[in-house]
Amino acid sequence: QTKIRDIVLRRLDGEALRLSVLKPDGEAVEGTMAELWPLLEQNTPLYWPGFSGTLTVERPGMTPLQIDADAQLGEQNLPPAMLIWHRPGTDSICFEPVVGFRVGDNGKDNQGVHLKPGETVRLETVISLLRSSTQE
């Protein structure tokens, strides 16, 4: 049986990702999804400020996914970040691109996005099913 904890995150070049993430208390942790899984099982969401905007998610026994996110404040590009969380007791994981959620230099305070009257922020997320090597 496929376990959600066996998910592997990869860059577009196929290299497995090691994530540098922040816990809600501001503590920085680093690891692969397998190494970070115990935190997610304890209902600890992880904030990934280094998300590049594109991510490949390999799900054992299932079709791989690609997540692309893009954000803009008016005409200015904003770098999206990613929240990663899991609801304990379920076979699920959430990859949630976000903007306006910026951890301060102290690792805790939300720096946010400040809008002037009439300004808008746009976050677009596209999730694509990819062909696996067995489907080619």
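Predicted model: local features only at pLDDT ≥ 70, side-chain atom pairs only at ≥ 80, totals over all residues.
**Helix α1**
- Helix α1 covers residues 33-41, and its buried residues are M33, L36, W37, L39 and L40.
- Looking down the axis of α1, you'd find those buried residues within an arc of 165°, so they line one face of the helix.
- As background, an α-helix has 3.6 residues a turn, so residues three or four places apart point the same way.

**The nonpolar cores**
- The largest nonpolar core is made up of 23 residues.
- Inside this core, L9, L19, W48, L55, I84 and F95 have the most contacts.
- Two or more residues of this core come from each of β2 (19-22), α1, β4 (46-48), β5 (54-58), β6 (65-73) and β8 (81-85).
- Another core, of five residues, lies apart from that one, and its members include Y47, A81, L83 and V98.

**A look at W48**
- Setting aside neighbours within four places in sequence, W48 is in contact with L17, L19, S20, V21, L55, A81, M82 and I84.

**The loop after α1**
- N43 follows α1 and sits in the loop between α1 and β4.
- Most residues other than glycine have a negative phi.
- N43 isn't a glycine, yet its phi is positive, at about 65°.

Note on methods:
Residues numbered from 1 in each chain as written. Heavy atoms only, no water. Buried < 20%, exposed > 50% of the residue type's maximum accessible area, 1.4 Å probe, protein only. Helix = DSSP H or I, 4+ residues; strand = E, 2+ residues; numbered from the N terminus. Arc of directions from axis to C-beta. Core = buried A, V, L, I, M, F, W, Y, C linked by side-chain atoms within 4.5 Å. Contact = heavy atoms within 4.5 Å.
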